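Good morning, and thank you for coming.

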Amino acid sequence: MTTMKPRTDLRPPGLNVDEKTTLLTFLDYLRESVLVKAAGVPEPAVRTAGVPSGTSLLQLLKHLTAVELNWFVWAYAGADREQWEDEGTVSADDTASDLADAYREAVARANEVVLACTDLDRPGARSLRETPAPSMRWVLVHMIEETARHAGHADILREQIDGSVGR
């Protein structure tokens, strides 16, 4: 492990705006944190599991991509297709660049769904759970929680790889 000078920590967004903008801005901040953690990590470290459960930086990107699409596009918007596989393994053909691009594309699609929503209380088309379809507010808060949890995992994995700390 190489000890690196800590990078300047990004700060959460400081906004005093409407609820939807606030929630989406915090979610985007966390999404960017995950992307920053995976950026610039060489092969094979970026795909090497850092914990016994098998979690790697690439696996986190692949998982979060599917989760974004499943909650916003499939569940909330009701896309007419099968759910995305959110427990898929990283293949030898998956690259950091490709998975980061796929995540950015999923985020863009998710944000389109959020921005089209005019009522945070309105339930989506269906749920990923055995519950009634949740509201957009619930999906946004859930995705903030999900992404924050995995951003923390990415923090630990990156520090194990090269000593890099900070968001």
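In what follows, two residues touch when they have heavy atoms within 4.5 Å. Please keep in mind that the model is predicted.

Let us begin with the largest nonpolar core, which has 27 residues. Which of them touch the most other members? They are Phe 72, Met 136, Leu 140 and Met 143. At least two residues of this core come from each of helices H1 (19–38), H2 (57–76), H3 (96–116) and H4 (136–162). The most is given by H2, with nine residues.

Consider Phe 72 in particular. Leaving aside residues up to four places away in sequence, Phe 72 touches Leu 27, Arg 31, Ala 77, Ala 110, Val 113, Val 114, Met 136, Val 139, Leu 140 and Met 143. Another core, of 17 residues, lies apart from the largest one, and includes Ala 38, Leu 57, Leu 99 and Leu 157.

I turn now to H1. Its 20 residues reach 29 Å from the first C-alpha to the last, close to the expected 28 Å. Among the buried residues of H1 are Leu 23, Leu 27, Arg 31 and Ala 38. Which helices do the buried residues of H1 pack against? They pack against H2, H3 and H4.

Finally, what follows H1? Just after this helix, Gly 40 has a positive phi of about 80 degrees. In the loop between H1 and H2 lies Pro 44, and the peptide bond from Glu 43 to Pro 44 is cis, with omega near -5 degrees. For comparison, most peptide bonds are trans.

Definitions and conventions. Residues are numbered from 1 along each chain as its sequence is written. This is a predicted model: local features need pLDDT of at least 70, side-chain atom pairs count only at pLDDT 80 or more; totals for chains, interfaces and linings use all residues. Side-chain values use heavy atoms; hydrogens and water are left out. A nonpolar core is a set of buried Ala, Val, Leu, Ile, Met, Phe, Trp, Tyr and Cys residues joined through side-chain atoms within 4.5 Å. Buried means under 20% relative accessible area, exposed over 50%, partly exposed in between (1.4 Å probe, protein chains only). Helices (H or I, at least four residues) and strands (E, at least two) are DSSP runs, numbered from the N terminus. The expected span of a helix is 1.5 Å times one less than its number of residues.
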